[in-house]
Each structure stands twice: as structure tokens, then as C-alpha cells.
Amino acid sequence: MADVPAIVTSALSQRATARTPDAHGSVPLTRVSEGDLRVIESLAHRPADRRIGLVRRVDPVGEFAEVLLVHAAPELATDRDVVLPSDVTSAPYDAVVQTDLRGAVWILQLGKRFGRLAAPALAAVMAADDITEAGELPMAPAARPAELHTGIPLAGPLDRRWSFKESEGAALRALAADCTEAQLDQELDWEVNPGLLQPELLDLADDPELLLIELLHWAQTRRLSLAHDDLERLLAAGALDLDTWLEFSDLGADLLMGLQEVLLRGATGVSSEARTDVRCMLTAAHLGATDREVPHDRVHYLAAKEPVAP
């Protein structure tokens with residue numbers, strides 16, 4: 001069994017303390033809560049235009065939130081949208097909640113809060129959302145609070161709101177892509193190419209800093225693994241020494257902290273049974289092809305501006 005680096009054992013104890021559930025059995029994460037109107041920011045490794053979102057639901061365990069996309073042009077509202085006057089949300093302007101544009105984003109993507117929807121109004125918006133999900137008519141006016149209203153139905157592709165709705169959908173897909181993929185891939189185990197943990201090789205990447213940012217993000221949001229033999233070689237070469245990483249990047253300590261559980265599983269040889277037969281590899285284009293005897297079914301290249309074929 002490989003010796004576990006001291007930084008890993010120390011960080012594990014700190015993390016266990018930090019993630020201890022509170023009296024209600026949940027792990028405190030952020031102040032993001034249902035009904036918030038917040039700016040949705042893109043991830044550093046997946047740039048996209050920012051948008052406004054209404055927080056529909058928060059998952060503190062998965063560290064993500066379901067959001068409905070919001071804009072500030074009531075004249076563009078359709079019958080699937082709910083117009084929220086500023087006096088209802090305390091926002092500086094009227095907001096339009098698009099109930100047909102819902103997605104999941106990481107809580108860390110939710111920035112400044114500039115308004116909040118009280119429980120009755122939020123319930124009305126969610127009721128409209130539930131009805132449109134069923135493919136039925138929008139919320140009946142009699143069931144809607146007097147201060148809320150919807151727009152008129154789209155008149156087809158020639159309606160100027162059609163192209164606007166398409167652009168809003170594209171924006172939401174870009175912002176929600178990473179979180180959505182992570183939720184869909186929960187059963188996957190991603191084997192880490194050991195070259196990603198060799199600082200001297202990272203200089204060969206087009207954008208080493210961006211690569212490290214994405215690697216750290218994957219360590220926090222996906223299940224990663226490192227082969228025992230690969231860990232042995234990395235330790236023998238001193239590739240996991242904190243000082244080595246600090247010389248390379250200010251993110252060095254954060255990276256080793258983020259990979260602590262991966263390193264511990266590799267060192268002890270203790271891991272759960274594979275949850276799927278799909279073999280996945282996390283790597284980078286500058287490392288070239290892997291030398292594994294069995295080819296991987298899926299390969300993700302960190303910091304790749306465009307998808308790279310395996």
C-alpha cells in the first residue's frame with residue numbers, strides 16, 4: 001500500500017469537520033434559497049453569457065439548484081411566462097419568469113441576489129410551471145394572484161419573440177451544460193490520466209491555469225479514480241509534493257486538497273464496486289493517447305476549446 005501524503009490525511013480531517021451535518025441533518029452550503037432572483041454566472045472553463053435566474057429548488061447535497069430563466073422585457077412575454085412586477089420581487093425592474101426554460105446549475109454559479117419572490121408568488125409561478133410541464137393550458141387567470149400576469153401565445157416563427165426564446169434557450173443550455181452532464185453521469189467513474197498530476201507536463205498545455213481550474217472542478221463534481229500503480233509512480237517521482245505544486249501554480253494546494261479522496265482511494269486500494277461498465281478517462285490533449293490495454297469508452301479532454309475525438 002502506498003503512503004498517503006500528509007496533506008491528504010490533514011485535509012481529510014478538516015473536510016470531515018467542515019461537512020458535518022447541522023441539527024437538521026443538512027450540510028450548510030450557501031445562502032442561496034428558493035425564490036431568489038440571482039445572476040447566473042458561467043464557469044471559467046465553459047464561458048457563456050450571464051443571465052438572470054429564479055431559484056426554483058436547491059439541492060444542498062448535490063450542490064446545485066434548479067432555476068427558471070428570467071429576463072426584463074415584459075413586452076416579450078409569452079403565455080408560458082409569468083411577469084413579476086418589481087414591487088413583488090423588490091427588484092429594480094419588472095421580471096419575466098420563463099417557465100418553459102428550466103435547468104440545473106451549480107450553486108457556485110449563482111451570484112449576486114437582486115430580488116426575492118415571496119412564498120405565495122413563488123407557489124403561483126411553480127404552479128404555472130407544473131401545468132406547462134403537463135402540456136396543458138397555462139395557469140388560469142382566476143387562480144393567479146392579481147399582481148401576476150402572462151403574455152400572449154407565440155404566433156409562430158415570424159413572431160419576433162420566437163427568435164428571442166430560441167436565444168434564451170441556447171443561453172440556458174450553455175450555462176447549465178456542466179451541471180446537467182454531471183447529474184446524467186453520476187454512475188460513471190473517471191480514471192485520471194497520471195500525466196495530469198505531473199507539474200512538469202502541464203507546461204505543455206495550451207492553458208495550464210485553465211486546465212487546473214477544470215481539473216479541480218471535476219474533482220469536486222464527479223467521481224474520479226487513480227490506479228494504484230499510477231499513484232506509486234507519482235509518489236516516487238515527488239509529483240504530489242506540495243512544494244512542487246506551489247512552485248508551479250497558486251492553485252497547487254487547492255488541487256491536492258480537491259483530489260484528497262481520489263489519492264486516498266488509490267493509496268489504500270479501497271473503492272466501491274464499479275457502478276457501470278462504461279470505461280471513462282479524464283485527460284488532456286497535450287498528453288496524447290493513453291497506453292491502457294483496454295480502450296476507454298469515453299474520454300474527456302480538460303481545457304479543450306472544442307470536443308476532441310478519442
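## Charges, strands and salt bridges

User: Is Asp207 buried or exposed, or something in between?
Analyst: Asp207 counts as partly exposed, because its relative accessibility is 33%. Please keep in mind throughout that this is a predicted model.

User: Where in the chain is Asp207?
Analyst: Asp207 sits in a loop, the one that lies between helix H5 (199–202) and helix H6 (208–221).

User: And which residues gather with it in a patch on the surface?
Analyst: Asp207 gathers there with Asp206, Glu209 and Asp250, and together these residues form a patch of negative charge.

User: Changing topic, what order do the strands of the open sheet have?
Analyst: The sheet has 4 strands in the order E8-E7-E9-E10, and the pairing is parallel. Strand E8 (224–225) and strand E10 (298–301) are at the edges, where each has a single partner strand, so one side of each lacks a neighbour in the sheet.

User: How many bridges join E9 to E10?
Analyst: Strand E9, which covers residues 280–283, is joined to E10 by 4 bridges, with the two strands running parallel. Within this part of the sheet, Thr283 stands opposite Tyr301 in E10.

User: Okay, salt bridges now. How many does the structure hold?
Analyst: There are 17 salt bridges in the structure. One of them brings together the side chains of Asp178 and Arg46, at 3.9 Å from N to O. That pair links distant parts of the chain, since Asp178 is in helix H4 (residues 160–184) while Arg46 is in the loop between strand E1 (36–40) and strand E2 (51–59), 132 residues apart.

User: Are those two partners buried or partly exposed?
Analyst: Asp178 counts as buried because its relative accessibility is 2%, whereas Arg46, with a relative accessible area of 27%, is partly exposed.

User: What about Glu66, which side chain does it meet in a salt bridge?
Analyst: The side chain of Glu66 meets that of Arg56, at 3.3 Å from N to O.

User: Which residues do salt bridges with shared partners join into one network?
Analyst: Asp36, Arg38, Arg113 and Arg116 are joined in that way.

Technical notes:
Residues are numbered from 1 along each chain as its sequence is written. This is a predicted model: local features need pLDDT of at least 70, side-chain atom pairs count only at pLDDT 80 or more; totals for chains, interfaces and linings use all residues. Side-chain values use heavy atoms; hydrogens and water are left out. Patches are made of residues with over 30% relative accessible area and no salt bridge: like charges are joined within 9 Å, nonpolar side chains (Val, Leu, Ile, Met, Phe, Trp, Tyr) within 5 Å. Accessible areas come from the Shrake-Rupley method with a 1.4 Å probe; for residues, only the protein chains shown count as cover. A salt bridge is a side-chain nitrogen of Lys or Arg within 4 Å of a carboxyl oxygen of Asp or Glu. Lys and Arg count as positive and Asp and Glu as negative; His and the chain ends are not counted. The place of a charge is taken as NZ of Lys, CZ of Arg, CG of Asp or CD of Glu. Buried means under 20% relative accessible area, exposed over 50%, partly exposed in between (1.4 Å probe, protein chains only). Two strands pair if DSSP finds at least two bridges between them.
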